[in-house]
Amino acid sequence: MSGEFERDLVKRAKKDPETFGLIYDKYYQPIFGYILRRTANVALAEDLTAQTFLKALKNLWRFRWQNVTISAWLYRIATNEVNSYYRKKKGFKNVSLEEAKNLKSDINVLEEIQKAEEELQKEKDFLLLHKKIAKLKPKYQTVIALRFFEKKKVSEIAQILGKPEGTIKAQIHRALRQLKKLLEENETKN
Amino acid sequence: MEELKKKINQIKKPEIELPYFKAALKGRLLKEHQKMEKRFLIAPLLKPALVSLPILIILILGVLILPQQFMEARALKIAKAHPEIQKLIQEYNIRPTDIKLQDQKAYLLFMPEETPENILEVENQKRMLLEIASEKETLKKSEGVLAIVDLQRKNVASIKTIRGREVVPLTSQEEQLVKEVVEKEEVLKEILPPTITIEKIEPALPEKLRLEKKGTEIQIAPPKNFEKRAKILYKSDGKRWMVEVNLQKKKIEKLQLIGNQ
């Protein structure tokens with residue numbers, strides 16, 4: 001999407017629910033997928049996705065002057081939600097927990113979660129890798145996920161996180177170094 | 001490292017779709033959007049006034065708000081193009097968090113990105129988490145930058161570093177309270193070495209600052225529901241420790257080993 005078009009879309013989305021619905025339709029799957037790959041837990045990914053989009057809706061008014069793409073902005077909110085979860089961990093409190101619970105009162109949604117969890121448990125290699133990644137600091141988990149799971153370029157990650165490209169490259173390097181150490185420790189134990 | 005990258009790239013990543021959840025969440029978001037819109041609807045009794053109201057709104061937008069947004073965007077552009085601000089962004093990872101216009105000047109507040117911290121609870125038998133942070137990082141977290149842009153001359157008139165003690169200074173009574181709170185905490189005595197001495201007591205910078213208009217002045221202020229905190233810095237055997245105390249709740253909220261002297 002061009003910058004001009006995006007600015008216009010956001011402007012319309014502030015007033016028109018249908019336009020906001022278009023933004024949601026376009027970015028729901030990438031954001032949910034990103035959060036799922038960060039958390040390896042379907043139910044948690046649903047909660048955090050709901051929070052991400054609710055926050056996006058509530059903060060739509062300030063989107064414009066921060067000068068980032070809609071995609072980068074949504075990824076940034078999602079990243080903050082996931083990192084906040086990892087920081088607090090012990091039953092995180094959030095504004096939209098009530099909304100997330102309401103969404104799960106639908107039996108179809110509950111059955112869907114169950115089937116999705118079963119699907120997820122089949123991805124053993126990914127889950128093993130995720131277990132190691134989850135031991136890294138949230139900022140390192142973030143750059144690994146964005147670079148290798150979401151296939152984002154360094155420049156895109158820099159825009160998402162609002163950091164210089166040099167910092168992102170350094171963080172990726174450090175994250176990989178730590179991850180390598182964790183994987184080697186695992187191999188030694190085995 | 002290349003092998004590790006290859007290994008990660010080769011692992012199949014989960015691609016799961018949840019159509020029911022997607023639809024349910026969309027419904028919820030659209031309802032929320034409508035609620036937000038309804039807050040701005042005027043009661044039916046005032047409908048006759050609505051005839052002239054749109055014209056008035058357009059006039060206000062045209063005269064005040066749109067130019068304001070334009071000036072804010074322009075001020076931000078001028079600020080970000082300044083080499084010193086670029087350097088500060090690079091070094092301290094700061095980003096713009098608030099902007100206010102006054103008398104042909106724009107006041108821009110830049111704050112560091114929030115970084116994850118292990119919050120500890122010190123209450124009787126609860127576990128304490130220690131975060132080892134480098135001294136440089138801790139100092140960086142307590143700084144913000146105020147840039148004043150002259151919109152007429154289109155340049156950055158001044159750049160000022162903001163320090164916590166300027167925004168929320170500590171009184172001597174508050175310093176005394178900090179010492180008392182820390183002394184009462186038995187668990188700290190188990191963790192901190194007996195040879196520690198106090199290096200200094202300083203106010204903790206609020207996580208978020210904001211700009212506030214007071215008369216004709218723009219000032220930096222803590223958030224509206226801010227709870228004042230203080231940091232007590234200890235040193236011992238070549239190490240430095242930081243304990244953060246919530247002055248309102250009179251409890252310890254953070255303990256950090258902040259590197260070597």
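## Close-up views of a predicted two-chain model

View 1. Leu183(A) stands 55 residues away from Leu128(A) along the chain, and the C-alpha atoms of the two are separated by 9.7 Å.

**View 2. The packing of helices H3 and H4 of chain A.** Two packed helices are described by the angle between their axes and the distance between the axes. For helix H3 (residues 42-58) and helix H4 (residues 70-88) of chain A, the angle is about 130° and the axes are 9 Å apart. H3(A) and H4(A) are therefore oblique to each other, since angles over 145 degrees would count as roughly antiparallel and those of 65 to 115 as roughly perpendicular. The crossing in which H3(A) passes H4(A) is right-handed. On the side of H3(A), the contact is made by Leu48(A), Gln51(A), Thr52(A), Lys55(A) and Ala56(A), and on the side of H4(A) by Leu74(A), Ile77(A), Ala78(A), Glu81(A), Val82(A) and Tyr85(A). Sorted by class, the residues of this contact between H3(A) and H4(A) comprise 7 nonpolar, 2 polar and 2 charged.

**View 3. Helix H9 of chain A and the glycine that follows.** Within helix H9 (residues 154-161) of chain A, the buried residues are Ile157(A), Gln159(A), Ile160(A) and Leu161(A). After H9(A) comes Gly162(A), which has a positive phi near 65°.

**View 4. The hairpin of strands E7 and E8 in chain B.** Strand E7 (residues 210-214) and strand E8 (residues 217-221) of chain B pair in the antiparallel sense, with 5 bridges. Lys214(B) has Glu217(B) in E8(B) as its bridge partner, and 2 residues lie between the strands of the hairpin, where Gly215(B) adopts a positive phi near 70°.

**View 5. The side of chain B that touches chain A.** In all, 32 residues of chain B are in contact with 43 residues of chain A. Helix H1 (2-10), helix H2 (19-38) and helix H4 (53-81) of chain B are the elements that give two or more residues to this side of chain B, and H2(B) gives the most, with 12 residues. The residues on the side of chain B that touches chain A divide into 16 nonpolar, 11 charged and 5 polar.

Technical notes
Residues numbered from 1 in each chain as written. Chains lettered and ligands numbered in written order. Predicted model: local features only at pLDDT ≥ 70, side-chain atom pairs only at ≥ 80, totals over all residues. Contact = placed C-beta atoms within 7 Å. Helix = DSSP H or I, 4+ residues; strand = E, 2+ residues; numbered from the N terminus. Nonpolar A, V, L, I, M, F, W, Y, C, P; charged D, E, K, R; others polar. Pairing = 2+ DSSP bridges. Buried ≥ 20, exposed ≤ 12 C-beta atoms within 10 Å, placed from the backbone. Axes fitted to C-alpha atoms, helices over the stretch in contact; angles between N-to-C directions. Parallel < 35°, antiparallel > 145°, perpendicular 65-115°, else oblique. Left-handed = near helix turned anticlockwise from the far one by under 90°.
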